[in-house]
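The following paragraphs go through helix packing, then pockets, then a charged pair. Please keep the model open while reading.

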Amino acid sequence: MSETKLDGLPSCRNCSSVPELNDTQEPFSIPSADYNDEEFLQYLWREYLHPKEYEWVLIAGYIVVFIVALIGNILVCIAVWKNHHMRTVTNYFIVNLSLADVLVTITCLPATLVVDITETWFFGQTLCKVIPYLQTVSVSVSVLTLSCIALDRWYAICHPLMFKSTAKRARNSIIVIWIVSCIIMIPQAIVMECSSMFPGLANKTILFTVCDEQWGGEVYPKMYHICFFLVTYVAPLCLMVLAYLQIFQKLWCRQVKACPLEW
């Protein structure tokens, strides 16, 4: 969340800047200039932070998604755990995807909803580092798990004699996925810091506190986000596209009994 300025807010003691209104929010009328800090904070809550009517619809949607995602993914894990015949290599990876989705649901949805509605980070400095870190870890786990599923299917269909996929290897792969994801996302936890868009009232209220990346220079965030994009999007996408293209060709050739080119 970037720092901005608000126009048209009431004057207050020790107040040097104020946040900017969203495009969807109505402009404020300027109340009396003799407001004290407490009245000013009440004004902010009433006019700016309190959910509007359309935002209650957003809240209801978030709650529905949260409940469905949490229950659905937990049921997947329980089903595989209770049925031994379902403990296949592919299902191990699917369970890992479900665990990553549960982590996203718990860490992402509630915090994102509160910040979107109130424009304020209420969860403190520690969670400012932990929650974004867990969010990026869960994304990395999901992407790498999908890549492993594609690679496993590629070996099983295109080169069945080269590699024997087993449940033990799948479990080891899942452990490696989590370790790699936790390591490569450490910079995300390091750079996240809490700051106030309302410095004059920072010691009086938590309102308009933001949790954002604080880099030491302009080069480092560009390098990190480029690497993040390559590792979590470009490379897995290329791997999955190539793997499934070869799988498609192999299955198609088996069906028509004529393969023009062996990859």
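Angles under 35 degrees count as roughly parallel, over 145 as roughly antiparallel, 65 to 115 as roughly perpendicular, and the rest as oblique. Axes are lines fitted to C-alpha atoms, for helices over the stretch in contact, and angles between N-to-C directions run from 0 to 180 degrees. Helices (H or I, at least four residues) and strands (E, at least two) are DSSP runs, numbered from the N terminus. The model is a predicted one, where local features need pLDDT of at least 70 and side-chain atom pairs count only at pLDDT 80 or more, while totals for chains, interfaces and linings use all residues. Residues are numbered from 1 along each chain as its sequence is written, and side-chain values use heavy atoms, with hydrogens and water left out.

Start with helix 3 and helix 5. Their axes come within 8 Å and cross at roughly 25°, and helix 3 and helix 5 are therefore roughly parallel to each other. Helix 3 passes helix 5 in a right-handed crossing; a crossing is right-handed if the near helix is turned clockwise from the far one by less than a right angle, and left-handed if anticlockwise.

Helix 3 (residues 89-118) also packs against helix 4 (residues 124-158), at an angle of about 160° and with the axes 9 Å apart. This angle makes helix 3 roughly antiparallel to helix 4. The crossing of helix 3 past helix 4 is left-handed. Their contact has 14 nonpolar, eight polar and three charged residues, where Ala, Val, Leu, Ile, Met, Phe, Trp, Tyr, Cys and Pro count as nonpolar, Asp, Glu, Lys and Arg as charged, and the others, Gly among them, as polar.

The remaining pairing is that of helix 4 with helix 5. Here the axes come within 9 Å and cross at roughly 140°, which makes helix 4 oblique to helix 5. Helix 4 passes helix 5 in a right-handed crossing.

Next come the pockets. A pocket is an open set of points on a 1 Å grid over the protein atoms alone, where a 1.4 Å probe fits, with protein on both sides within 12 Å along at least five of seven lines; lining residues have an atom within 4 Å of a point. The largest pocket holds about 200 Å³ of space. Of its 12 lining residues, Thr112, Val115, Trp121, Gln135 and Cys211 lie nearest the centre. Helix 3, helix 4 and strand 2 (209-213) each give two or more residues to this lining, and helix 3 has the largest share, with four residues. By class, the lining of the largest pocket has nine nonpolar, two polar and one charged.

The second largest pocket contains about 150 Å³. Its lining includes Val89, Phe93, Cys148, Tyr155, Phe163 and Arg169. Two or more residues each come from helix 3, helix 4 and helix 5 (167-184), and helix 4 gives the most, with four residues. The lining of the second largest pocket divides into seven nonpolar, three polar and two charged residues.

Last, the whole structure has two salt bridges (a side-chain nitrogen of Lys or Arg within 4 Å of a carboxyl oxygen of Asp or Glu). One of them joins Glu193 and Lys129, at 3.2 Å from N to O. This pair links distant parts of the chain, with Glu193 in strand 1 (residues 192-196) and Lys129 in helix 4, 64 residues apart.

Conventions: Grid points are joined across faces, edges and corners, and a volume is the space filled by probe spheres set on the points.
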